[in-house]
Amino acid sequence: MAFAPQDPRIPDPSDPVIDEGRVDYVPTPISVTRARQHATRLVAEWGHPALADDAALIVSELATNAVRHARIPGRLFRVQLTLTKTRLRIAVSDPRGERLPRPRHPSPRDKHGRGLLIVHALAARWGVRERTVGKEIWAELDLTSSPAQADP
């Protein structure tokens, strides 16, 4: 697991935020689907359709973990996407700060336990940030090229 070079709450003047979107969800399985679809649409609208599938998969894995392992009745989880000049940051916050994620090494027969391995494989960096209440699991995708240009 890699940690951010600086606190993500402090803006980096050399890498300004271009766009941001966040949605709070009820911790149910349908919310994972909705979060994934929202991420796909948002990343494409921001001009980075080549990153949309990876972003959607990361959101899906992190949101699934929030629903399965960090659910507290009456509490929401948040999915936040932040686009800067150089990266797309995906963060999922949940209310269970005492349950920190760790990658597992499931056997081929295990049906679960690969989510963080997938995040690790797709993301340039990822990590966990403790919050006053709960935690935030984040992953970053580097922007390898300029945004797709819309047709005139």
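1. **Ground rules.** The model is predicted: local features need pLDDT of at least 70, side-chain atom pairs count only at pLDDT 80 or more, and totals for chains, interfaces and linings use all residues. Residues are numbered from 1 along each chain as its sequence is written, and side-chain values use heavy atoms, with hydrogens and water left out.

2. **Overall content.** The protein has three helices and five strands. Helices (H or I, at least four residues) and strands (E, at least two) are DSSP runs, numbered from the N terminus. Along the sequence they follow the pattern β-α-α-β-β-α-β-β. Buried residues make up 40% of the 152 residues. Here buried means under 20% relative accessible area, exposed means over 50%, and partly exposed lies in between (1.4 Å probe, protein chains only).

3. **Contacts along the chain.** Contact means heavy atoms within 4.5 Å. Take the contacts between residues at least 6 apart in sequence: 68% of them join residues at least 24 apart.

4. **The sheet.** Five strands form an open sheet in the order β1-β2-β3-β5-β4, with antiparallel pairing. Two strands pair if DSSP finds at least two bridges between them. The edge strands are β1 and β4 (125–130), and each pairs on one side only. Neighbouring strands are turned by 15° against each other on average, direction ignored. Axes are lines fitted to C-alpha atoms, for helices over the stretch in contact; angles run from 0 to 180 degrees between N-to-C directions.

5. **From β1 to β3.** Strand β1 (residues 17–25) is joined to β2 by eight antiparallel bridges. Glu20 stands opposite Thr82 in β2. Strand β2 (residues 77–84) then runs antiparallel to β3, with six bridges between them. The hairpin from β2 to β3 passes through two residues.

6. **From β3 to β4.** Eight bridges link β3 to strand β5 (residues 135–142), again antiparallel. Asp94 has Lys135 of β5 as its bridge partner. On the next pairing, β4 and β5 are antiparallel over six bridges. There, Glu130 stands opposite Lys135 in β5.

7. **Covered strands.** How many residues of β3 are buried? Seven of its eight are, and the strand is mostly covered. β2 is mostly covered too, with seven of its eight residues buried. As background, side chains in a regular strand alternate between the two faces of the sheet.

8. **Helix α2 against α3.** Two packed helices are described by the angle between their axes and the distance between the axes. The axes of α2 (residues 49–69) and α3 come within 9 Å and cross at roughly 150°. The two helices are therefore roughly antiparallel to each other. The cut-offs: under 35 degrees is roughly parallel, over 145 roughly antiparallel, 65 to 115 roughly perpendicular, and the rest oblique. The crossing is left-handed, a label used if the near helix is turned anticlockwise from the far one by less than a right angle, with clockwise giving right-handed.

9. **Who makes that contact.** On the α2 side, the residues are Asp54, Leu57, Ile58, Glu61, Leu62 and Asn65; α3 supplies Gly115, Leu116, Ile118, Val119 and Leu122. By class, the contact has seven nonpolar, two polar and two charged residues. Ala, Val, Leu, Ile, Met, Phe, Trp, Tyr, Cys and Pro count as nonpolar, Asp, Glu, Lys and Arg as charged, and the others, Gly among them, as polar.

10. **Helix α2 on the sheet.** α2 packs on the sheet and touches β2, β3 and β5. Its direction makes about 15° with that of β3.

11. **Arg104.** This residue is found in the loop between β3 (87–94) and α3 (115–122). Arg104 counts as partly exposed because its relative accessibility is 45%. Leu116 lies 12 residues from Arg104 along the chain, and their C-alpha atoms are separated by 7.7 Å.

12. **Ala124.** Where is Ala124 found? The answer is the loop between α3 and β4. Why does Ala124 count as partly exposed? Because its relative accessibility is 41%. Ala124 and Leu141 are 17 residues apart in sequence and 5.5 Å apart in space, C-alpha to C-alpha. Leaving out residues up to four places away in sequence, Ala124 touches Glu140 and Asp142.
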